[in-house]
Amino acid sequence: MVDALFYFPRSSKAKKSDSVWGMRFVSFLKVIQGIVTTTAIFLVAISSEDIVDILLNFMVIEFVAGLNKISFYLLKSGAFGPRLQKDA
């Protein structure tokens with residue numbers, strides 16, 4: 001969520017060719033993602049019966065987040081083609 005607020009585009013620094021509204025929309029979606037993730041973690045923590053369940057659930061959440069980071073890295077490096085690399 002902090003990244004979304006940090007990278008939120010300012011109209012005063014934008015050029016005419018910049019897609020400011022698109023960048024604002026992406027930043028808004030990142031804030032929503034952060035809120036949903038925080039809510040999911042809270043629900044996982046309160047619904048778990050013992051410490052082993054909590055640890056296993058957090059390990060799964062971290063694993064999925066790691067897959068997300070790896071997929072974006074591969075997109076940016078061009079592993080899925082130049083069109084997707086450009087869009088990433």
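## Ground rules

A contact here means heavy atoms within 4.5 Å. With that cut-off, 22% of the protein chain's contacts between residues at least 6 apart in sequence join residues at least 24 apart.

Keep in mind that this is a predicted model, where local features need pLDDT of at least 70 and side-chain atom pairs count only at pLDDT 80 or more, while totals for chains, interfaces and linings use all residues. Residues are numbered from 1 along each chain as its sequence is written, and side-chain values use heavy atoms, with hydrogens and water left out.

## Overall layout and confidence

The protein chain has four helices and zero strands, so the elements being DSSP runs (H or I of at least four residues for helices, E of at least two for strands, numbered from the N terminus), the pattern along the sequence reads α-α-α-α.

As for pLDDT (the predictor's confidence in each residue, from 0 to 100), the protein chain averages 79, and 76% of the residues score at least 70. Helix H1 (residues 2-6) has the lowest confidence, at a mean of 60, and H3 the highest, at 87.

## Surface and burial

Of the 88 residues in the protein chain, 10% are buried; buried means under 20% relative accessible area, exposed over 50%, and partly exposed in between (1.4 Å probe, protein chains only). The accessible surface comes to about 7,600 Å², with 69% of it belonging to carbon and sulfur atoms. Those areas are from the Shrake-Rupley method with a 1.4 Å probe, and for residues only the protein chains shown count as cover.

Phe25, Phe28, Leu29, Ile32, Ile35 and Val36 make a nonpolar surface patch of about 570 Å². Patch residues have over 30% relative accessible area and no salt bridge; like charges are joined within 9 Å and nonpolar side chains (Val, Leu, Ile, Met, Phe, Trp, Tyr) within 5 Å. A salt bridge puts a side-chain nitrogen of Lys or Arg within 4 Å of a carboxyl oxygen of Asp or Glu. Isoleucine 32 sits in helix H2 and is partly exposed, at 36% relative accessible area.

## Around serine 48

Serine 48 lies in the loop between helix H2 (20-47) and helix H3 (51-77). Serine 48 counts as buried because its relative accessible area is 15%. Its side chain reaches the backbone oxygen of valine 44 at 2.7 Å, and makes a polar contact with the side chain of asparagine 57 at 3.3 Å. A polar contact is a pair of N or O atoms within 3.5 Å; within protein, one must be able to donate a hydrogen and the other to accept it, and residues adjacent in sequence count only if both atoms are side-chain atoms.

Valine 44 belongs to helix H2 and, leaving aside neighbours within four places in sequence, touches Asn57 and Ile61.
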